[in-house]
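The structure is shown first.

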Amino acid sequence: MNTSILVLGAGMVGTCTALHLQQRGFDVTLVDRQSPGQETSMGNAGLIQREAVEPYAFPRELGFLWDVARGNGAQVNWHARGLWQMAGSLLSYFQHSHPIRHELATQAYSRLIALSTVEHEPLILAASAQDLVAREGFRFVFRTTQAFDKAVQRAEDLHARFGVRSQNESTDQLAQAEPALRKRMTGAVHWLDSWSVNDPGALVARYAQLFMARNGRVMTGDASSLRAQGKGWLVHTTDGPVQAQQAVLALGPWADGLIRTLDYRFPLFIKRGYHQHYTAPARVRLPLLDAERGYALAPMQRGLRLTTGAEFACIDASPTPVQLTKAEAMARELIDLGQPLSEPPWLGARPCTADMLPVMGPAPRHPGLWFNFGHAHHGFTLGPVAGRLLAEMLNGESPCVDPSPYAPQRFKQ
Ligand SMILES: Cc1cc2nc3c(=O)[nH]c(=O)nc-3n(C[C@H](O)[C@H](O)[C@H](O)COP(=O)(O)OP(=O)(O)OC[C@H]3O[C@@H](n4cnc5c(N)ncnc54)[C@H](O)[C@@H]3O)c2cc1C
């Protein structure tokens, strides 16, 4: 009989993990409290970021930090209680962001990112999801010459070191490429190898349909009911208890809550983020990041989606969408946003780790339990490669990349 496996969490990471395990002949049940792709993997900017070879470091510029402390700008917001709760992890994040340590993290991160589009491609084809995906890249746009020049240098460096392709665009070239822009920007870096998805939740749902079409089970249940049972694991679902020999935790920003009940204390934290859709009578063709202001605009099926930067707050704290208000005013300088759709702003959370690397591998003290979370700013990008790597480890295959930098054991207990 095939080994049975529970995958807990049906975001991009869990759904892709389920698909890759199923492909290797395991008997997989995917469990979530909602239908697949309803949380972080739905509300993001929809970018499959082949250019994102460097993980986001803790900013070190004093001027920027002073602005953040005073609540200026739209890039970062914070709640005192959230900072207090995450203080240990954030201090460790700051230490890991030292340029030498960040470079080490980049080496490990870039190996995953290099496989991001390559691993999405077969799933997009098998799930008949081509209609959701554009393969034309996206832009960082710049307001000042100083920031643009710096970005051009960085793009050249990323090309030399990691083969990331981009094209610099002048004020006129950008205006021609994006006629909806009403402000003349200094220039843009157009990342050519990245893709964009016009309904990120729908892509996860299509991947989940593919899993079901291949006889995978998707069930509704609460991961917090997970218990060791005999030599395996048991979780309660609306259809009754489900038992399996192994279990994978892919709970994104909720992973910390569950692993704490198993007595793991990893340096995890979250960066919350908001989105809002606008009617935008004339939309940008491709997504863009207003790089000096820290928000993104992405054309979606529902409307033009504005997504915000990082908010340091507890996962269950009430929404405080001040960044959205500020970013909306800044975005209106660039484009006619029209009206916001009549829906409350969406709030989600990026699942982050202090060393900026995801947690992928066997749980240190629980045989048959596996972790796959902490993909931070790029879980939508990394889902398929994360799923493949976890499945290869669980199946005892030689893995597509060296998994040691992502091993849960790296966190001392
Ligand atoms: C504003 C914003 C913009 C972003 N933009 C991008 C982008 O453009 N590109 C990119 O690559 N990444 C982006 N990200 C990051 C990306 O969205 C996340 O890294 C990714 O979605 C994480 O996927 P996941 O599957 O780990 O988590 P999730 O998608 O959150 O999935 C976790 C699942 O676990 C389930 N769950 C939780 N608790 C329980 C429980 N107790 N019982 C059962 N089920 C449970 C949830 O319902 C959910 O379905 C962005 C994030 C934000 C907030």
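The ligand is surrounded by 34 residues, and the closest are Asp-32, Thr-40, Ser-41, Ala-376 and Thr-381. The model is predicted: local features need pLDDT of at least 70, side-chain atom pairs count only at pLDDT 80 or more, and totals for chains, interfaces and linings use all residues. Residues are numbered from 1 along each chain as its sequence is written, and side-chain values use heavy atoms, with hydrogens and water left out.

By class, the shell holds 13 nonpolar, 16 polar and 5 charged residues. Ala, Val, Leu, Ile, Met, Phe, Trp, Tyr, Cys and Pro count as nonpolar, Asp, Glu, Lys and Arg as charged, and the others, Gly among them, as polar. Helix 1 (12-23), helix 2 (40-43), strand 20 (346-353) and helix 12 (379-394) each give at least two residues to this shell. The largest share, 3 residues, is supplied by helix 12. Helices (H or I, at least four residues) and strands (E, at least two) are DSSP runs, numbered from the N terminus.

| Residue | Polar protein atom | Ligand atom | Distance |
|---|---|---|---|
| Thr-381 | side chain | oxygen | 2.7 Å |
| Asp-222 | side chain | nitrogen | 2.9 Å |
| Ala-45 | backbone | nitrogen | 3.1 Å |

On its own the ligand has 1000 Å² of accessible area, and the protein covers 97% of that. Such areas come from the Shrake-Rupley method with a 1.4 Å probe.

How many cavities of 30 Å³ or more are there? The count is 1, where a cavity is a set of points on a 1 Å grid over the protein atoms alone at which a 1.4 Å probe fits but cannot get out. The volume of the largest cavity, about 80 Å³, is the space filled by probe spheres set on the points. Its lining residues, those with an atom within 4 Å of a point, include Tyr-56, Lys-271, Ala-376 and His-378. This lining divides into 8 nonpolar, 3 polar and 1 charged. Strand 15 (268-278) and strand 20 each supply at least two of the lining residues.

An open sheet of 3 strands runs in the order 3-9-5 with antiparallel pairing. Strand 3 (47-48) and strand 5 (133-134) are at the edges with a single partner strand each, so one side of each has no neighbour in the sheet. Strands pair if DSSP finds at least two bridges between them; strand 5 and strand 9 (residues 195-197) have 2 bridges.

Terms used:
A residue is near a molecule or strand if one of its heavy atoms lies within 4 Å of it. A polar contact is a pair of N or O atoms within 3.5 Å; within protein, one must be able to donate a hydrogen and the other to accept it, and residues adjacent in sequence count only if both atoms are side-chain atoms. On a 1 Å grid over the protein atoms alone, a cavity is a set of points where a 1.4 Å probe fits but cannot get out, and a pocket is an open set with protein on both sides within 12 Å along at least five of seven lines; lining residues have an atom within 4 Å of a point.
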